[in-house]
Amino acid sequence: MNNIKNWTKRFAMVALFIMALFATFQSISGVNAQLLITHLTALVSSNQTVSGTQPSLEDSIDWSKYPKHTVTATGYTAGVESTGKRKGHPEYGITYSGVKVKRDLFSTIAADLTVFPIGTILFIPEYGYGVVADKGGAIKGDRLDLYYETVEDVYTKWGKKKLDVYIVEKGNGKLTEEALKALNEDKAMQVFRQQYISSEKR
């Protein structure tokens, strides 16, 4: 019984102490204590989301708002098996648009440029954002080639799939390294970026 009384007193003292701290903070800073609590709660919950069970990019956006297009998508690399070029070749890893191949939140992909012009941004379920930067001899009509860093990644992480992709933005026929970098470094997207670049580095 004494234990319960002691714990009740301690709890009451801690609660009074916290209330006194907030009242003192409010009187000194002029910031509403309730507002501070709300912001702290939001910060804690956002940190939990980042560190633990963060939603995927696919689940965070209503993709039904975007036009969709059914494609057959395969994977490719910068290597000889996909491009005929080896490391050391002056055009190794350079896309038709002139930017370097990249696997990131916004990755470089190849498409039929009459269907998806250079610079078109697509969302590809299970892959992420793809930015049309390249074309390929076998990439005609409703086909895409998705960039991966290794042949093993092409086969283990993708293979060949027929699926709906979402047209986020139609390209104007141009893409620069600066534009691609800006997309990948958008601060609001960094929590999602880790899902793509960390999975590629494992």
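Analyst: W63 and Y166 are both buried (under 20% relative accessible area; over 50% is exposed, in between is partly exposed; 1.4 Å probe, protein chains only). The model is predicted: local features need pLDDT of at least 70, side-chain atom pairs need 80 or more, and totals for chains, interfaces and linings use all residues. Numbering starts from 1 along each chain as its sequence is written, and side-chain values use heavy atoms, without hydrogens or water.

Start with the rings. There are nine aromatic pairs in the structure (Phe, Tyr or six-membered Trp ring centres within 6.5 Å; planes under 30 degrees apart are stacked, over 60 edge-to-face, the rest tilted). W63 and Y166 make one of them, a tilted pair with centres 6.1 Å apart and 35° between the planes. This pair joins distant parts of the chain, 103 residues apart. W63 sits in the loop between α3 (57-60) and β1 (68-76), while Y166 belongs to strand β6 (residues 160-169).

Next, Y127 and Y148. Their pair is edge-to-face, at 5.4 Å centre to centre and 75° between the planes. Y127 counts as buried because its relative accessibility is 0%. Y148 is buried too, at 1%.

Ring pairs also build a cluster: W63, Y66, F106, F123, Y129 and Y166.

Two rings carry a charge over the face (NZ of Lys or CZ of Arg within 6 Å of the ring centre and within 35 degrees of the ring normal). R103 lies over Y127, 3.9 Å from the ring centre. K161 lies over W158, at 4.2 Å.

Now the core around them. The largest nonpolar core has 40 residues (buried Ala, Val, Leu, Ile, Met, Phe, Trp, Tyr and Cys joined through side-chain atoms within 4.5 Å). L57, F116, I124, Y129, L144 and L146 touch the most other members. At least two residues each come from β1, β2 (106-111), β3, β4, β5, α5, β6 and α7 (190-201).

F116 has contacts (heavy atoms within 4.5 Å) beyond its neighbours within four places in sequence: H69, V71, A111, L122, V132, L144 and I167.

Technical notes: Helices (H or I, at least four residues) and strands (E, at least two) are DSSP runs, numbered from the N terminus.
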